[in-house]
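Please look over the sequence and the model shown here, and then read the briefing on selected strands, a helix and aromatic contacts that follows.

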Amino acid sequence: MNRKLIEVALPLDDINAACKADKDRKTGTIRNLHKWFAPMPLPAWRALLFAALVDDPGDEEKRIYLLDVIKRLVANGADLPDDDTLAEAREILAKQFPAGVPIVMDPFCGGGSTLMEAQRLGLPTYGSDLNPVPVLISRTLTELLPKVYGQQPLHPEPLQAPKPKRGRGKLIVRDEQEILLDTSERVRAYSGYKGVARDVIYYAERIRNQAWEKLKHAYPAEPGETPVAWLWARTAICPSPACGIETLLSTSWWLSKRKNELAWIQPRVESKNVHLDVISGQRVGGAPPAAKIGDGVFACVACGATLDGDHLRIQGQKGRIGFRMTAVVSEITVQGKTVRIYRTPTPEELRAASEVAITDDSADVPINVNGQGIRVGPYGINTWAALHTPRQLLCLATFANLVADIHSTVISDGGSREWADAVSSMLGLALGKRAQFGSTQSGWKLDSRSGTGKAERAFPRNDLPMTWDFAEANPLARGAGSWLQCVDTMLASLSLVATGVGTVQRFDARVSQPPTKGLVATDPPYFDAIGYADLSDYFYVWHRQALRTVHSDLYGTVATPKTGELTAIPSRHGGSRDAAKQYFIDGFTETFVNLQKAMLPELPMLVVYASKEQNGGKDEQSRWASILTAMIDAGLEITGTWPILGTGGTRLRGLGSSAVATYVVMAARLRSPTATSCSLGEFTKALRRELGSAVRDLQATSILPVDMAQAVMGPGMSIYSRYAIVAGQSGARVDVDAALRLINSVFGEVQEEQEGELDSESQFAVTWWQKHGWAEGPFGEADQLARAKGISVDDVMRAQVVTSKGGKVAVLGGDVLDRGWDPLQDDRPTAWEAVHHLADRLIDGGGEVEAAALLQKVTQRGVADSARALTYRLAAVAAKTKRTKDEERYNALIDAWTRLASSAQEGLF
């Protein structure tokens with residue numbers, strides 16, 4: 001059977017550069033359509049699907065051509081590939097499959113990126129998921145929208161262009177064609193998805209106007225003002241008997257840090273009441289210290305008494321935690337210019353926000369308070385309705401009911417069923433986006449550069465934390481978080497939507513089957529990292545109210561189905577982690593057996609996996625062991641593994657975050673019936689023989705050091721899975737857990753071997769730094785260490801690796817370095833010097849320009865490869881010794897290495 005290109009080679013640097021660009025882009029991406037959890041970048045799937053379908057030619061020149069096609073498919077980063085490259089890729093696939101290209105199946109369709117990129121390559125698709133939220137997203141993208149591609153709207157936009165003076169002809173208005181039927185009547189022809197987008201805008205504006213009539217009593221404003229947001233903070237009773245006021249649980253009193261426009265809230269206490277004065281328009285000064293003094297711990301604004309977690313949880317369970325409007329952010333027009341103002345709420349605004357009658361119970365659905373990442377339950381928030389203020393509930397219910405009317409309205413306006421399905425589904429997704437700004441999960445965030453504040457959507461991470469202050473964005477204006485702004489950002493994603501033929505249904509992956517066999521490619525749930533179904537209810541309750549007549553197959557229950565979700569969340573299994581893990585393994589074993597029925601024999605299955613931790617710890621190994629055990633037990637052999645970048649440039653500011661950093665893509669086939677068994681010793685020898693080159697290949701792609709432990713599991717398990725069984729000394733099977741521990745051990749050996757390949761001075765420095773860090777140590781100890789490596793402390797000093805004063809020795813690199821260091825003028829430049837001067841130039845000096853210039857010289861002296869290997873080693877030591885700042889610096893250097901090398905090669909500095 002021919003090996004596929006993905007089992008032999010991939011242009012990882014190009015793919016990862018495109019993935020980084022995709023993650024760094026905030027608007028105009030497919031993620032703007034609707035929130036889904038941990039979506040894989042589009043360029044990755046485009047490259048992976050193509051590489052999984054084409055044969056490896058077995059010829060280097062032909063392979064280089066195919067790799068070049070993939071490079072061009074992702075060359076535009078977050079943007080789509082050029083039309084001619086896409087046509088070329090489709091032609092190659094058509095020749096590969098003369099009887100017709102295969103269907104692509106994703107049984108965990110998520111945000112739809114797998115299916116959409118398959119359609120972009122000209123392939124039919126079939127998607128499924130147990131959860132109605134991803135089914136709605138993927139169905140809209142790959143089934144509903146393609147059916148209305150190129151169709152004209154029911155309500156075209158009035159033309160603003162001037163009429164020609166005479167005759168008939170054609171005009172080009174922006175990128176849309178204006179057809180002149182005669183001198184008095186003109187009709188614009190909408191291309192692509194612009195027609196459906198136009199009608200979505202039309203009905204969205206209609207909904208907004210209808211909502212205003214129903215809601216204007218609840219949103220009063222001062223004359224001449226347009227409110228941007230109302231800011232709130234939770235309240236609780238001070239535990240001090242001598243005080244007992246209702247204090248505010250604010251995490252920050254700042255409203256704006258914009259230069260010359262500073263604004264903050266100044267609390268003051270009079271007669272046992274807290275008054276909030278808004279100070280704005282200041283050039284100097286600042287907000288008082290926040291009431292928050294720890295994680296979930298606050299100080300009373302009156303007496304300073306501590307409201308700790310236990311007190312607040314008790315208050316929450318008794319329903320005694322309230323909320324209070326603290327400030328209003330509005331815009332006014334002054335001499336034709338829009339100006340932002342900050343002020344204290346008026347009595348009318350306070351009354352309107354509090355005197356809201358709630359008659360809708362759509363969100364009165366229980367929260368799984370023990371769900372993964374859900375931390376609101378201990379404070380008495382146990383329904384989705386309790387996550388909103390009364391006015392927020394009224395607003396979302398009003399918009400949901402208005403969206404529910406749109407389908408029949410479109411039909412009565414002359415639209416087809418397909419057109420009505422597409423328009424109403426898009427508006428339902430916009431409602432989900434609006435919900436992200438319509439609960440107490442929406443924060444007020446100050447921009448780190450401009451200091452200007454704006455409402456921040458819920459779910460910046462994949463969890464449901466307890467929030468203490470929040471922003472209520474104006475739903476009826478046009479600013480951030482408004483209904484119309486949510487529609488606009490959603491529609492901006494349509495430029496990336498492909499066309500094709502697809503079907504998406506709600507099915508359990510254990511039984512889901514496409515109409516014909518094809519390529520199975522999926523990004524399944526990450527063990528217990530994300531509580532998909534529990535968190536999805538945040539959106540589902542509103543989707544259901546708006547779309548249950550349009551998608552009757554999705555909304556038969558009041559909440560998303562939880563039974564059958566393939567995650568390892570202990571709360572679903574009596575709190576037992578072991579039971580949850582076994583359920584996950586058994587469920588995925590059954591899933592992979594089922595999916596084999598959907599595979600064309602000549603095609604591998606693609607399985608993407610990652611975890612929320614990148615530290616190689618026990619929890620991460622358990623996650624990996626579980627998915628890999630299921631694959632092995634289902635009779636699959638891993639025939640190729642590739643690490644794909646999962647985050648953008650902001651990741652390095654916090655290595656402890658829960659963001660997925662690296663996805664590992666595994667190509668798997670049915671294990672050969674002739675596969676042999678091997679002993680534990682033979683497996684260990686194979687690991688030692690093959691893992692070293694795999695680690696070097698990973699390092700060559702600049703995978704972050706913090707992600708290496710995860711990435712190395714792939715090639716290690718590829719070795720393990722090729723055998724029918726790996727038998728221990730007793731003859732019993734060596735399970736995946738034990739195999740992963742062995743892989744991790746051999747990985748450590750590889751790192752030590754790489755350290756042994758360094759120059760002696762750098763070896764000395766690594767050992768010294770591992771024990772002493774940047775602190776000084778005794779000269780006698782340094783002398784013994786140096787002699788053991790065949791050098792002296794004087795040698796290390798002359799190499800400018802250490803300093804020695806007063807009988808104390810310390811390594812250089814943790815403080816200010818001599819920026820005049822030139823490796824071309826150094827008699828013996830070391831890897832240690834290269835690493836730390838590169839990091840210094842990159843982070844503390846002139847940035848990538850200076851660092852690239854230095855890397856060019858380091859490369860000329862032949863130290864670049866050893867410097868990169870040393871960077872990985874130092875990052876691993878920093879992680880083990882919990883030197884977070886050092887770890888971040890080494891990761892930052894590796895993150896930039898490919899770009900620096902490219903600039904150095906081309907002289908771009």
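Eight of the nine residues of strand β23 (residues 662–670) are buried, so the strand is largely enclosed by the rest of the structure; buried means under 20% relative accessible area, with exposed over 50% and partly exposed in between, for a 1.4 Å probe and protein chains only. The model is predicted, so local features need pLDDT of at least 70 and side-chain atom pairs count only at pLDDT 80 or more, whereas totals for chains, interfaces and linings use all residues. Residues are numbered from 1 along each chain as its sequence is written, and side-chain values use heavy atoms, with hydrogens and water left out.

**Strands and their pairing**

- Strands (E, at least two residues) and helices (H or I, at least four) are DSSP runs numbered from the N terminus, and two strands pair if DSSP finds at least two bridges between them.
- Strand β23 runs antiparallel to strand β21 (residues 605–609), to which five bridges join it, and methionine 605 has alanine 668 of β23 as its bridge partner.
- Strand β22 (residues 636–645) also pairs with β23 in the antiparallel sense, over nine bridges, and here isoleucine 638 stands opposite alanine 668.
- Elsewhere, three strands form an open sheet in the order β11-β12-β13 with antiparallel pairing, and its edge strands, β11 (292–294) and β13 (306–307), each pair on one side only.
- Within that sheet, β11 and β12 (residues 297–299) are paired over two bridges, and lysine 292 stands opposite phenylalanine 298 in β12.

**Helix α25**

- Helix α25 (residues 864–880) has 17 residues and reaches 25 Å from its first C-alpha to its last, close to the 24 Å expected at 1.5 Å a residue, where the expected span is 1.5 Å times one less than the number of residues.
- Just after α25, lysine 882 takes a positive phi of about 60 degrees.

**Aromatic pairs and cluster**

- The structure holds 30 aromatic pairs, a pair being rings of Phe, Tyr or Trp (its six-membered ring) whose centres lie within 6.5 Å, with planes under 30 degrees apart counted as stacked, over 60 as edge-to-face and the rest as tilted.
- Tyrosine 219 and tryptophan 230 form a tilted pair, at 5.5 Å centre to centre and 45 degrees between the planes.
- Tyrosine 219 lies in the loop between α7 (194–215) and β6 (226–237) and tryptophan 230 in strand β6, so this pair ties together parts that are 11 residues apart in sequence.
- Both partners are buried, tyrosine 219 with a relative accessible area of 6% and tryptophan 230 at 1% relative accessibility.
- The rings of phenylalanine 588 and phenylalanine 592 have centres 5.8 Å apart and planes at 40 degrees, so they too make a tilted pair.
- Phenylalanine 588 and phenylalanine 592 are four residues apart in helix α15 (residues 577–596), a separation of about one helical turn, and they count as buried at 0% and 1% relative accessibility, respectively.
- One aromatic cluster is formed by Trp36, Phe37, Trp384, Phe459, Tyr532, Tyr538 and Phe539.

**Charges over rings**

- A charge sits over a ring if NZ of Lys or CZ of Arg is within 6 Å of the ring centre and within 35 degrees of the ring normal.
- Arginine 391 lies over the face of tryptophan 230, at 4.6 Å from the ring centre.
- Arginine 883 lies over the face of tryptophan 769, at 4.6 Å from the ring centre.
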